[in-house]
Amino acid sequence: MNKQRIIPLIVATALFMENMDSTVIATSLPAIAKDIGTSPLTLKLAITSYLLSLAVFIPASGWTADRFGARRVFSSAVAVFMIGSIGCALANSVENFVFARILQGMGGAMMTPVGRLVLLRSVDKSALVGAMAWVTIPALIGPVIGPPVGGFITTYFSWHWIFLINIPIGIVGIIMALRFIDPIKSDNPEPFDLYGMVLAGIGLAGLAFGLSVAGLNLLPWSVVASLVAIGAISMTLYVRHSWRTNSPVLDFSLLRLPTLRASIVGGFMFRLGIGALPFLLPLLMQLGFGLSPFQSGLVTFGSSAGAMGMKALAARLIKTFGFRHLMTVNAVVSSVFLAACALFTPATPLLLIVIILFVGGFFRSLQFTAINTVAYAEVETAQMSRATTLTSVNQQLAISAGVAVGAFSVETTMWAHGASQLTATSFAPAFIVVAITSALSSIFFWQMPDDAGSEISGRKVAAIASRKGAEKGAEKAATKSASETTHDARDQKLG
């Protein structure tokens with residue numbers, strides 16, 4: 001098969017395995033806790049320990065890939081994740097289970113950014129939009145189908161299989177990676193920033209963990225606030241440190257690039273809103289509408305179906321409209337469908353809910369593909385590893401913040417209404433809040449240049465040039481000659 005197609009599938013498979021595993025466990029926690037002799041609340045440590053492990057080790061992923069080679073690190077990360085999965089299946093105590101989840105987190109921390117780095121170094125920029133469309137789908141499908149799959153396996157088989165199903169997938173992924181991915185690594189790797197790694201690790205762990213448990217009543221608010229404060233202080237110290245070192249583990253100087261800055265800042269706001277959807281929607285279906293976990297999963301799967309339908313059209317749409325205009329408008333459109341969830345009531349026909357989720361999933365997936373792709377439009381090859389690390393950290397924090405905002409909005413609504421139990425009406429304000437947050441991301445996407453990412457999208461700049469110079473007679477010649485690439489257009493206008 002063509003590497004332009006097989007490599008995105010390899011990376012997508014690994015990311016699907018990680019996204020699926022991180023959500024499927026939530027449904028199975030009661031059964032696992034009963035089997036190993038503990039309480040579900042205590043076993044929440046398994047989820048939080050995984051998030052902590054991700055936050056601590058993601059900053060080291062870029063340097064590790066440059067030092068040892070992306071193919072080797074990616075294959076090793078999949079192997080470590082598999083070993084952690086086997087450990088989870090064999091665990092007979094809380095300590096063993098938590099340790100296995102930490103091991104999984106170490107593998108997952110390397111799989112996501114290094115997998116994206118493999119993609120960027122193996123696929124031509126002209127084919128990057130299509131490749132990113134494949135890679136985006138697992139991030140949308142995993143959180144949606146994870147709960148029903150976990151419930152089905154736990155109910156009709158055994159909870160052990162939710163971890164063991166990773167093994168054949170991982171083996172195939174490693175074999176394909178070793179066969180098709182080139183052994184690319186940096187000839188002159190930079191020195192490892194250990195001090196920066198410690199500061200960033202503490203900062204990200206405090207922020208990600210604190211935001212993830214905020215509003216879930218797992219810890220007192222004083223503890224949650226302390227975790228977030230420690231994380232914020234440590235990240236502040238890291239930012240000051242990064243200004244004084246030539247090889248920071250998180251290179252914030254890359255934010256000078258307009259497209260990467262829009263992807264990081266605007267993408268954070270968009271993901272914050274959309275990231276709350278997999279948390280809010282199953283709760284609404286189960287606690288608000290009284291559906292079973294399996295029924296809830298079948299309904300919310302409409303979002304994933306829409307995401308898969310986007311894949312074939314993403315490249316064409318981005319090429320037609322350009323990154324700037326498409327991302328600006330689509331952020332608002334996606335947010336409208338997110339806000340529509342606030343109108344769901346127990347009397348709403350399930351078919352209508354599925355249709356809204358399907359169409360919304362299409363636009364959300366299109367936006368994720370554009371955000372993930374345009375981030376690297378101006379990044380030089382030597383900076384790719386730093387860029388993938390920065391975007392991966394941003395995504396992790398955005399998801400954690402989305403859950404926190406969603407949970408806080410629901411709790412605030414319950415407090416305002418004096419309610420002691422969740423009902424369908426408790427969720428409507430939360431959907432509105434996260435939808436507005438996602439819509440505001442359009443401000444940052446609009447600030448990108450008109451020709452942002454045109455080398456990746458393949459969009460010609462003739463239309464762009466004519467709009468800018470419609471009032472200038474000399475623009476006709478420039479527009480006519482700008483028929484090949486963005487760079488050709490710039491040369492003509494400057495010449």
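Trainee: Let's start with the overall picture. How many helices and strands does the protein have?

Mentor: Bear in mind that we're looking at a predicted model. The secondary structure count is 23 helices and zero strands.

Trainee: And what share of the residues is buried?

Mentor: Of the 495 residues in the protein, 55% are buried. For contacts, look at how far apart the partners sit in sequence. Among contacts with a separation of 6 or more, 82% join residues 24 or more positions apart.

Trainee: Now a helix pair. At what angle do the axes of H3 and H4 cross?

Mentor: Roughly 120 degrees, with the axes of helix H3 (residues 61-68) and helix H4 (residues 70-90) coming within 6 Å. To name the arrangement, you compare the angle with the cut-offs: 65 to 115 degrees would be roughly perpendicular, and over 145 roughly antiparallel. H3 and H4 are therefore oblique to each other.

Trainee: Which residues meet there?

Mentor: On the H3 side, Thr64, Ala65 and Phe68; on the H4 side, Ala70, Arg72 and Val73. Sorted by class, the contact of H3 with H4 has four nonpolar residues, one polar and one charged.

Trainee: Let me pick one of those. Is Ala65 buried or exposed?

Mentor: Ala65, in helix H3, counts as buried because its relative accessibility is 0%. Ala65 and Gly115 are 50 residues apart in sequence, yet their C-alpha atoms are 9.9 Å apart in space.

Trainee: On to the rings. How many aromatic pairs are there?

Mentor: The structure holds nine aromatic pairs. To read one, take the distance between ring centres and the angle between planes; over 60 degrees counts as edge-to-face. Trp63 and Phe68 have ring centres 6.3 Å apart and planes at 85 degrees, so that pair is edge-to-face.

Trainee: How accessible is Trp63, and how accessible is Phe68?

Mentor: Trp63 has a relative accessible area of 27%, so it's partly exposed. Phe68 is partly exposed too, at 34% relative accessibility. Can you name another edge-to-face pair? Phe362 and Phe363 make one, because their planes stand at 90 degrees, with ring centres 5.3 Å apart. There, Phe362 counts as buried at 17%, while Phe363 counts as partly exposed at 23%.

Trainee: Which aromatic cluster includes Trp63 and Phe68?

Mentor: Trp63, Phe68 and Phe192 form one aromatic cluster. Phe68 also has a charge over its ring: the charged end of Arg67 sits 5.0 Å from the ring centre.

Trainee: And what sits over the ring of Trp446?

Mentor: The charged end of Arg324, 3.6 Å from the centre of that ring.

Trainee: Let's look at another arginine. Where is Arg271, and is it buried or exposed?

Mentor: Arg271 is in helix H11 (residues 258-275). Arg271 comes in at 8% relative accessibility, so it counts as buried. Beyond its neighbours within four places in sequence, Arg271 touches Phe368, Ile371, Asn372, Asn394, Gln395 and Ala398.

Trainee: What about a polar residue, Asn166: what is it in contact with?

Mentor: Asn166 is in helix H8 (residues 166-180), and a relative accessible area of 3% is why we call it buried. Leaving aside neighbours within four places in sequence, Asn166 contacts Met17, Asp21, Phe81, Met82, Ser85 and Gln104.

Trainee: Then loops. Where is Leu255?

Mentor: Leu255 is in the loop between helix H10 (221-242) and H11. At 23% relative accessibility, Leu255 is partly exposed. Setting aside neighbours within four places in sequence, its contacts are Arg261, Ile264 and Leu390. The C-alpha atoms of Leu255 and Val265, ten residues apart along the chain, lie 9.2 Å apart.

Trainee: One more loop residue: is Ser93 buried or exposed?

Mentor: Ser93, in the loop between H4 and helix H5 (94-122), counts as buried at 18% relative accessibility. Along the chain, Ser93 and Ala33 are 60 residues apart, while 9.1 Å separates their C-alpha atoms.

How values were computed: Residues are numbered from 1 along each chain as its sequence is written. This is a predicted model: local features need pLDDT of at least 70, side-chain atom pairs count only at pLDDT 80 or more; totals for chains, interfaces and linings use all residues. Side-chain values use heavy atoms; hydrogens and water are left out. Axes are lines fitted to C-alpha atoms, for helices over the stretch in contact, and angles run from 0 to 180 degrees between N-to-C directions. Helices (H or I, at least four residues) and strands (E, at least two) are DSSP runs, numbered from the N terminus. Angles under 35 degrees count as roughly parallel, over 145 as roughly antiparallel, 65 to 115 as roughly perpendicular and the rest as oblique. Contact means heavy atoms within 4.5 Å. Ala, Val, Leu, Ile, Met, Phe, Trp, Tyr, Cys and Pro count as nonpolar, Asp, Glu, Lys and Arg as charged, and the others, Gly among them, as polar. Rings of Phe, Tyr and Trp (its six-membered ring) pair if their centres lie within 6.5 Å; planes under 30 degrees apart count as stacked, over 60 as edge-to-face and the rest as tilted. Buried means under 20% relative accessible area, exposed over 50%, partly exposed in between (1.4 Å probe, protein chains only). A charge sits over a ring if NZ of Lys or CZ of Arg is within 6 Å of the ring centre and within 35 degrees of the ring normal.
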